[in-house]
Amino acid sequence: MINAFKGLWKTSGYFRFGIVTLAFSLTMVILTFFAPYKPMESYVVAPDQPPSFDNWFGTTSRGQDLFWQMTFALRNSLGFGIITAFLSRIIAIWVGMYSGYKGGWLDKFLMSINDSFVIMPVLPILLLLNFLLRDQMNWFYMALMMAMLGWAWDARLIRSQVLSLKERVFSETAVFCGMPTRKIIFKEHMPYVLPVLFSTTINNLLWSIGMEVTLSILGLTNLNNPTIGVVIFWANQHQAMISGSWWWIAAPVLVTVFVFTGLYLLSVSLNEFIDPRTRLRMKGGAA
Amino acid sequence: MTLKHVFNKSFGKYLLGRLGQTVMVIFIGITITFIIPRLAPTNPVEQKINQMMVSGANIHPEAIKQFREAMNDLYGLKGTLLEQYLSFWGRLAKGDLGPSIFSFPLPASQIIMKSMPWTIGLLLSTSIISWLLGNLLGGLAGYQSGRRWTRWAELAANSIRPIPYYIFAFILLIVFCFLIPLFPTLGAYDRGMQEEWLNPAFLLSVLHHTFLPAMSLVLTGIGGWLLGMRALVSNIISEDYVQYAEVAGVKKKTILYQYVMRNAMLPQITGLGLSLGGIFSGALITEYVFGIPGMGQLSYRAIMGFDYSLIMGISIFSIVGVSISVLIVDLLYPIFDPRVRLS
C-alpha cells in the first residue's frame, strides 16, 4: 500500500495533483472548526469588498467573508457527496455482484431495471422531487434519493467484472469446496472489484456534488446551509454579476474547478495504476 | 447497401428489444413522476391556496372550497389512486398536462413547446460539434501518441473534463463579459428585437448572444470524446490489420480515417446517443445563467412560481424525449455496425 503510494507519487503528476487537492480540501474542512464567523451570519464584515489581504476571497453583499463561507461550503458539499457515493455503492455492489454471479432470470430482471436507470434522466426527477419536498428536504434525504438514482452505471461495470471472475478456476474451486455464495462474492470476488469500485466512487462523488450544485443554483435545497451551489445561488440572487462583484461567483467557481479536477485526476491516476502495464513501466520493466 | 440489407430479420429482433426497453423506461419514469407528488406531504393545490392566503387577499371560504375542487379536477387529483393513475395516462395520451399556474389558463404543454426549440437548438448543435471535434482530435491523438501536442491535449482534456458545464459557463461569463467585455451577458438576442428567424440581423444577434453558452458546452463536451476516442484508437492501432496496412504502404490518412477511426466510432456513436438523451436537462444552468429562454429558464421560473403542472410537464417531456432520442440512435446503429445487421 505504502509502496504503491510512493510509486504513484514518483511517476504520476495526476496523482500528485490529486493528493495536493485532497490535502487542500481537508485543510479547508478542518478550518471550519476554527472559523471566526458563523457561515451564514450576515454583516459580520464590510460588504462588497474585493479580494484583499484581510478577506482572501472578498466579501459578499450580505457582509459575509467568502473564504470562511467557502470552507463550510466545501465541507458540506464534500460530506454530501461522500454520503451519496457510499449509499449508492451499497446498491451498485449488491446488484452488480449478485446479478453477475447468479446470472439467469435474476440477472435479466436486474439488468432490465438497471438499463432503464442508466437511460433515465435523473435531473427532471430530482427537480420534481425537490420542488415538492422543498421544506421537508434535508441533505440526508437528498443523498438517499440521489443514491437511488445514481447506481446503475456502476452496477453494470461491477457486473461485467464479476462475469469474467466467475469463469476463473478459483471460483469453481470455491463452489466445489462448498463455500456459500455470499462468501464467494464478498471474500473471493470483492478484492478484484475494489479497484473499479474506487474509481467509480470518485466519479459518483463528483456527479452527486454537481447535481447538488445544480439544484442549489435553482434554489431547490436548504438555502441556509452553505454548499458550493448555495453560495452561487445567493450570488445570483444579489445579481453579483450585474453589480460587478464577480469575486462572489469566482470563489465557488475556483474552489469547484480545483477540487473537481484534482479528484478526477486522482481517479485517472488510480485507473492507470490498476492497468498492469502501467505498473510494469513504473517498476522499470518494458510495457 | 440497400434498405433491405439493413432491415432484415435479425434487425427486427433487435428493434423489438430496443422498443421494449424504451417503453419500459418511459413507463418507469412516468410512474415515478406520478408517485412522487402523491407521496409528498405537500399538496400543490393547498400550497397554491396558502400562497394566495399569505398574499393578504381576503377570500370567501366558499370560494376557496370551489377553487380547491376545480383545481383538484384540473390536476387529476380526484378519485382513488388507481383511478388517478389511469386518468393520468389518459390525459398524457392526449398531451394534456394541465394548465400552467403563472400563465393561467395557458396549457403547460404549449409553454413547453415554445421553449423547447431554444434548448434543442443550443444543445443539438453543441453536442454534435463537440462530438465531431473531440473524436477527430482524439483519433489524431491516439494515432500520433507520444508526440508533445498529444500529451498537452490529453492533459487539457483530463483537466477540463470533470469541470461541470455550468462552472465553465461562469468562468466564460466572468472572463468575456467582465474582464474583457466582448459578449453580452443576458438574453438570447438583443433587447427590442422581434423573434423573426428570417431576419439576418436577428440571426446575427442570436449567434452573438449564444456564442458563449455554446462555447461553454462545446469545451466541456470535447474532453470526454477526445479521451474516449484516443483510448479506442490506441487499442486498435496495435491490431494486425493496421500494421499490415502500414507495411503495405497504405496512406496514413487512409489508415487513420478509414481503417482505424471507422472501427473506433461505434462505441462513440452509442455515447452520442446517450448524450443527446441528456439534451432536455443538459444545460439547465447554462440557459439560466445566460438568460436563454429555453427549458432551463422555464424550469427556474416554474420552480419560483410554484407552477406544479409546468414542472410535471417538463419532467415528463424530458423523460419521453430522452428515451426516444436514445431509441433513434439505437435504430441508426445497424447502419454503422454491420455485425448488428448481419448476425
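**Exercise 1. Describe the contact between the two chains from the side of chain A.**

The contact draws 36 residues from chain A and 44 residues from chain B, where contact means C-beta atoms, placed from the backbone, within 7 Å. This is a predicted model: local features need pLDDT of at least 70, side-chain atom pairs count only at pLDDT 80 or more, and totals for chains, interfaces and linings use all residues. Residues are numbered from 1 along each chain as its sequence is written, and chains are lettered from A and ligands numbered from 1 in the order written.

Step 1. Find the helices (DSSP runs of H or I, at least four residues, numbered from the N terminus). On chain A, α4 (104-119), α5 (122-133), α9 (181-217) and α12 (247-274) each supply at least two residues.

Step 2. α12(A) gives the most, with 10 residues.

Step 3. Sort the chain A side by class. It has 27 nonpolar, eight polar and one charged. Ala, Val, Leu, Ile, Met, Phe, Trp, Tyr, Cys and Pro count as nonpolar, Asp, Glu, Lys and Arg as charged, and the others, Gly among them, as polar.

**Exercise 2. Classify the packing of α10(A) and α12(A).**

Step 1. Take the geometry. Helix α10 (residues 228-237) of chain A packs on α12(A) at about 160 degrees, with axes 9 Å apart. Axes are lines fitted to C-alpha atoms over the stretch in contact, and angles run from 0 to 180 degrees between N-to-C directions.

Step 2. Apply the cut-off. The pair is therefore roughly antiparallel, that is, over 145 degrees.

Step 3. List the residues. A:Ile228, A:Val231, A:Ile232 and A:Ala235 of α10(A) meet A:Trp248, A:Ile249, A:Pro252, A:Val255 and A:Thr256 of α12(A).

How values were computed. Parallel < 35°, antiparallel > 145°, perpendicular 65-115°, else oblique.
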